[in-house]
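Keep the view at hand as you read.

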Amino acid sequence: MGTHAIIVIKNDKGEYLQYFDEKWNSYLFLNCKLPDGDNSDIIKNKVANEFDIKQDIINVTLTGKKQHKKFSESAKVEKEYIHYFYDVTVDTKFGEKEFILNGIKYKWFSYEDLINDERIKKVNSDIVQFVKEFNM
């Protein structure tokens with residue numbers, strides 16, 4: 001069973017930051033594999049490193065946990081996952097609607113954009129729904 005952190009960053013317009021994952025051929029929430037439990041300090045460190053910012057401007061809150069089964073695009077089989085959802089606020093601006101940082105493509109999506117994007121619907125609709133359930 002895979003344990004993953006879903007890192008939810010919103011801007012002042014209520015849009016969600018997504019990165020483009022080549023393997024999944026889709027925009028996804030920032031995420032990483034982690035040990036089971038609250039890993040807020042690890043998340044803060046990951047965000048600081050990912051965006052080249054200081055940790056003291058990052059706030060991390062564990063918002064919820066979901067265990068569920070999902071088809072893995074990379075492994076091509078159904079897997080069981082535990083997802084921890086982290087609400088992350090950063091006291092800085094990340095740039096334009098779309099930007100590239102350290103070779104990674106990022107884009108801001110409204111909730112409507114997320115639920116209407118065909119590829120995101122196919123590979124990540126469960127995570128988008130959980131973000132909505134947790135009122136993030």
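A pocket, found on a 1 Å grid over the protein atoms alone, is an open set of points where a 1.4 Å probe fits, with protein on both sides within 12 Å along at least five of seven lines; its lining residues have an atom within 4 Å of a point. Grid points are joined across faces, edges and corners, and a volume is the space filled by probe spheres set on the points. Please keep in mind that this is a predicted model, in which local features need pLDDT of at least 70 and side-chain atom pairs count only at pLDDT 80 or more, while totals for chains, interfaces and linings use all residues. Residues are numbered from 1 along each chain as its sequence is written, and side-chain values use heavy atoms, with hydrogens and water left out.

The second largest pocket has a volume of about 300 Å³. Its lining is made of 16 residues, and those nearest its centre are Asn 11, Asp 12, Lys 93, Phe 94 and Trp 108. By class, this lining holds 5 nonpolar, 4 polar and 7 charged residues; here Ala, Val, Leu, Ile, Met, Phe, Trp, Tyr, Cys and Pro count as nonpolar, Asp, Glu, Lys and Arg as charged, and the others, Gly among them, as polar. Strand β5 gives the most to it, with 3 residues; strands (E, at least two residues) and helices (H or I, at least four) are DSSP runs, numbered from the N terminus.

Now turn to the largest pocket, with about 450 Å³ of space. Of its 21 lining residues, His 4, Trp 24, Asn 31, Lys 33 and Tyr 81 are the closest to its centre. Elements that give two or more residues to this lining include β1 (2-9), β5 (77-90) and α3 (118-133). The lining has 8 nonpolar, 7 polar and 6 charged residues.

Of the 8 residues in β1, 7 are buried, meaning under 20% relative accessible area with a 1.4 Å probe and protein chains only, while exposed is over 50% and partly exposed lies in between.

Further along, 4 bridges join the antiparallel strands β6 (residues 98-101) and β7 (residues 104-109). Leu 101 has Ile 104 in β7 as its bridge partner. The hairpin has 2 residues between its strands, and Asn 102 takes a positive phi near 55° there.

Next comes the interior. In soluble globular proteins, nonpolar side chains tend to be buried together. A nonpolar core is a set of buried Ala, Val, Leu, Ile, Met, Phe, Trp, Tyr and Cys residues joined through side-chain atoms within 4.5 Å. The largest one has 26 residues, and Ile 9, Ile 43, Val 47, Phe 51 and Val 88 have the most contacts inside it. β5 supplies the largest share of this core, 5 residues.

Last, look at Phe 71, which lies in strand β4. Phe 71 is partly exposed, with a relative accessible area of 42%. Leaving aside neighbours within four places in sequence, Phe 71 is in contact with Trp 24, Lys 76, Val 77 and Glu 78, where contact means heavy atoms within 4.5 Å.

Key:
Pairing = 2+ DSSP bridges.
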